[in-house]
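User: Could you walk me through this structure, starting with what you mean by your terms?

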Amino acid sequence: MSVVKSLCLKRASSSISMKKPPFYTVFPQKKLVNRILFELDSKLTLPKLYPVYESIYCSLGKNEPEFLIPTSFRASDVMIMKKVLEKLRHRTKSVNRNLVDLENELLEKAAEMGDSDAIAVLSFKVLKAPDKNSSEDITHAKKLIKELYQLRHALTIKLTGDFAFKNMDFDNAGIYYNQFLAIERDTYRAGEVYGKLGIISFKKPNLIEAERCLLASIRLCPLESIVQSYYHLAQIYMDSEPLKARALMESAASEGFKESFRLLGFLEMNYFKNYNKSLEWFKLGMELYDVECFIGYFDCCVKLQAWRKAGNCLKSMQNLSRASMSAETAVQSFLSSRKAHIQKLETYSNAVVSPHKLADVASVKDGELQRENRWKL
Amino acid sequence: MIRLRCLRAHYSTNKIAGPSLISLSSSKSYKESLSANSTLAQLVEAYRSGNLRVAEDVQGNSAEINSNRSLPMTLFPKVQVFSDVMSDPKVGDWRKPMTKWFRLGKTVLKMYLNGIRDTWNVHKESRETLDKFAKHQPLVTQLYRDLEFREIESRIKSTGPVQLAITRKEFQEVHRRKEFWKLPSFFVLFILFEEALPFICYFIPSIVPWNCLTPGAFKKLSEVRISSQKFLPCKSSETPAPDYVSPYAMPLTNVTELLRSFKLLPRWKSIIYNWFDNKVEPCESLAQFHQYLVLDDWFLLQSMLSKEKQTTLTEKELINAILERQLYEPGENLNSLAREEAGRKVLLWRLFIYWAFRFQDTIVAGGSKTFSEVWGVNNVGILNFPGSQKLLNKTSLDNLEI
């Protein structure tokens with residue numbers, strides 16, 4: 001009987017989880033959305049947009065869409081609605097499945113209304129996933145991209161560059177990005193393009209050009225869209241100006257860029273000699289299971305003579321090496337290079353009183369304790 | 001490049017596997033060092049083949065390297081002036097004692113006037129050099145980064161020798177242009193004390209613009225500078241070879257004392273930094289001085305190791321290079337050493353050994369690494385390290401059959 005009951009409960013809970021949560025619980029705070037609308041220079045305000053968002057959200061998943069976009073709305077307005085959600089996704093660094101569905105719906109609607117940006121984005125979406133789309137769709141997407149490219153549509157040129165960049169075709173990517181910059185030079189998108197050009201120059205390497213592009217990218221774009229520019233610029237300044245490199249790397253770390261934690265940790269430990277700060281950076285990296293952060297944390301603990309922390313770190317590292325093959329090699333080389341420290345750690349660990357021994361001593365009578373050396377535990 | 005930097009950060013513990021020290025204990029060990037260190041062998045070869053020499057003054061290609069006008073005299077003209085007067089038949093014997101002092105005074109006055117004019121010119125012309133570069137950053141940092149970029153690019157693309165957009169003369173004159181700011185106080189003192197000013201300059205030589213210094217005043221300042229040698233990290237190192245030491249790893253008092261002796265930090269600022277325990281400003285200045293020395297070394301080495309042209313270093317530049325790198329013992333008179341053949345050779349070989357140790361395996365000496373890749377980021381552990389356990393002197397020079 002109880003089994004049947006539990007099964008029923010399970011079914012009920014799964015049906016609840018399948019149900020969409022109400023829109024007001026998913027949609028972010030008014031203040032945040034208003035700020036994004038201001039940044040996007042939207043002519044429409046949230047009170048006008050909210051009902052449209054809600055109606056589209058409620059009609060998602062239904063066979064016959066019930067939503068109505070007001071006739072006063074243009075394609076660009078729908079695209080701004082989509083961009084608001086996209087920016088929210090980047091800013092909060094979280095993905096809500098329902099909001100992503102809403103974003104896709106808005107994109108499709110904008111494309112249907114004839115927005116070139118939306119058409120370009122949708123066409124490239126098709127090209128990026130050829131397995132999931134039919135050959136007719138791919139041919140149609142290519143045709144649309146070709147037409148938009150001939151019209152010198154800026155976003156199409158940028159997306160073509162991104163496509164080449166993703167496929168490691170850096171020469172062509174550079175050509176497309178430069179074509180884009182000839183059309184748009186001082187927008188957020190230009191900032192992103194400068195960032196990509198900087199990375200291409202960094203890889204070539206043409207470091208003077210890379211520095212110029214990355215600086216332009218940082219000047220034009222907010223941090224959350226171009227974390228990689230900050231990271232690469234920090235790499236460029238690492239040898240000549242570590243102070244500047246630290247500031248840039250900290251900016252990248254503030255956006256949760258994984259690779260920056262270990263570099264910041266090592267920079268603080270080896271150059272600035274700020275061991276407590278480096279411990280904090282390594283801790284953040286350790287939460288992401290970065291094996292180099294474990295190594296840095298151990299070294300830092302040894303320098304601070306925090307033997308207990310070092311011992312715990314060593315244990316975690318051994319557990320990590322058992323779980324991951326890639327970490328195993330790094331841990332093995334670490335163990336062989338830090339033999340002296342590990343031996344010292346063992347010496348200190350042995351000197352520590354075990355709880356059993358403490359309990360034994362506590363049970364000894366006072367008189368006996370006095371006869372013995374008080375500290376000879 | 002990213003991968004390389006990650007690895008360096010990972011393994012950059014205090015121990016660095018740099019080149020081994022140049023041994024001067026015996027002729028045999030020196031020869032072993034010579035065969036192990038290709039940079040030293042190249043420098044010795046350049047010196048022996050006559051591609052590299054030291055002279056009083058230069059013209060032609062080497063004029064791009066030396067800036068004599070911004071450096072002090074090496075010989076006080078007293079003996080020369082006196083002998084000229086004594087051998088002058090136009091001057092009667094009865095007035096010779098008076099005339100020789102009068103002419104000496106005139107020569108010294110002329111020297112001061114020339115020095116002041118040169119300080120003015122250096123300041124004016126170096127402004128044109130500075131205008132070529134970005135204003136918001138020190139020139140040293142910009143050039144150091146530029147050098148690093150170009151070396152990495154030339155290593156990957158094999159584009160041949162690296163060139164910077166500035167000559168050593170211009171670089172040095174930018175570095176020495178701050179002497180200009182001594183002129184106002186110098187003039188005020190001149191108006192106040194008139195003919196008594198030389199006596200004040202004798203007792204406080206630091207008020208005089210650098211290129212107006214007499215050899216005696218220079219000696220006093222060189223003694224002040226060498227007294228700070230004990231604050232160098234390589235002096236407190238337990239191992240014979242220097243370890244990696246970042247500027248931030250040094251005690252603040254050592255940093256400020258070093259900067260004060262290098263004339264990079266006034267006394268009042270050093271007191272404030274120590275008072276408020278402000279490490280950032282002094283440590284950054286020390287790192288910048290380290291970068292300045294690396295760049296200066298690079299300019300000189302690049303010219304000396306080039307087989308296409310002959311390089312001539314002036315006596316004044318040689319003395320200045322030795323002074324800045326603290327490659328002398330307390331009590332040594334660098335001017336008199338540079339004016340005699342054996343002494344000049346000692347000074348030059350001290351520089352060779354210093355460079356050979358620092359630049360072995362680097363790109364400028366035919367290696368494959370940048371300076372930071374060999375020694376680590378701003379490693380002041382090797383700041384003014386002579387490259388050998390003991391500084392070379394005349395006796396060891398003879399013993400080693402150099």
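Analyst: Buried means under 20% relative accessible area, exposed means over 50%, and partly exposed is in between, with a 1.4 Å probe and protein chains only. This is a predicted model, in which local features need pLDDT of at least 70 and side-chain atom pairs count only at pLDDT 80 or more, while totals for chains, interfaces and linings use all residues. Residues are numbered from 1 along each chain as its sequence is written, chains are lettered from A and ligands numbered from 1 in the order in which they are written, and side-chain values use heavy atoms, with hydrogens and water left out.

User: OK, what does the secondary structure of chain A come to?

Analyst: Chain A has 22 helices and zero strands, where helices (H or I, at least four residues) and strands (E, at least two) are DSSP runs numbered from the N terminus. Of the 377 residues in chain A, 43% are buried.

User: Where do Phe27(A) and Tyr50(A) lie?

Analyst: Phe27(A) is in the loop between helix H2 (23-26) and helix H3 (30-39) of chain A, whereas Tyr50(A) is in helix H4 (residues 46-59) of chain A, so the pair ties together parts that are 23 residues apart in sequence. Phe27(A) is buried, at a relative accessible area of 8%, while Tyr50(A) is partly exposed, at 25%.

User: And which residues form an aromatic cluster in chain B?

Analyst: Phe171(B), Phe262(B), Phe289(B), Tyr292(B), Trp298(B) and Phe299(B) form one cluster.

User: Which ring does the charged end of Lys196(A) sit over?

Analyst: The charged end of Lys196(A) sits over the ring of Phe165(A), 5.4 Å from the ring centre; a charge counts as over a ring if NZ of Lys or CZ of Arg is within 6 Å of the ring centre and within 35 degrees of the ring normal. Arg246(A) likewise lies over the face of Phe272(A), 4.1 Å from the ring centre.

User: Is Phe165(A) buried or exposed, and what is it in contact with?

Analyst: Phe165(A), which lies in helix H9 (residues 154-166) of chain A, counts as buried at 16% relative accessibility. Leaving aside neighbours within four places in sequence, Phe165(A) is in contact (heavy atoms within 4.5 Å) with Phe170(A), Ala173(A), Tyr177(A), Lys196(A), Ile199(A) and Ile200(A).

User: What about salt bridges, say for Lys158(A)?

Analyst: A salt bridge here is a side-chain nitrogen of Lys or Arg within 4 Å of a carboxyl oxygen of Asp or Glu, and the structure holds 46 of them over all chains. Lys158(A) pairs with Asp162(A) at 3.1 Å, N to O; both residues lie in helix H9 of chain A, four residues apart, which is about one turn of the helix, and both are buried.

User: What does Glu268(A) form a salt bridge with?

Analyst: The partner of Glu268(A) is Lys277(A), with the closest N and O atoms 3.7 Å apart. Glu268(A) is buried at 0% relative accessibility, whereas Lys277(A) is partly exposed at 34%.

User: Changing topic, where is Asp290(A) found?

Analyst: Asp290(A) is in the loop between helix H16 (275-287) and H17 of chain A, and at 6% relative accessibility Asp290(A) is buried. The side chain of Asp290(A) makes a polar contact with the side chain of Arg262(A) at 2.8 Å. A polar contact is a pair of N or O atoms within 3.5 Å; within protein, one must be able to donate a hydrogen and the other to accept it, and residues adjacent in sequence count only if both atoms are side-chain atoms.

User: Last one: how many residues of chain A are in contact with chain B, and what do the two chains bury between them?

Analyst: In chain A, 30 residues are in contact with 35 residues of chain B, and the two chains bury about 2900 Å² between them, 57% of it on carbon and sulfur atoms. Buried area is the accessible area (1.4 Å probe) that two parts lose on being put together, summed over both. The rule finds two salt bridges across this interface, and Arg145(B) and Glu211(A) meet in a salt bridge through their side chains at 3.4 Å, N to O.

Key:
Rings of Phe, Tyr and Trp (its six-membered ring) pair if their centres lie within 6.5 Å; planes under 30 degrees apart count as stacked, over 60 as edge-to-face and the rest as tilted.
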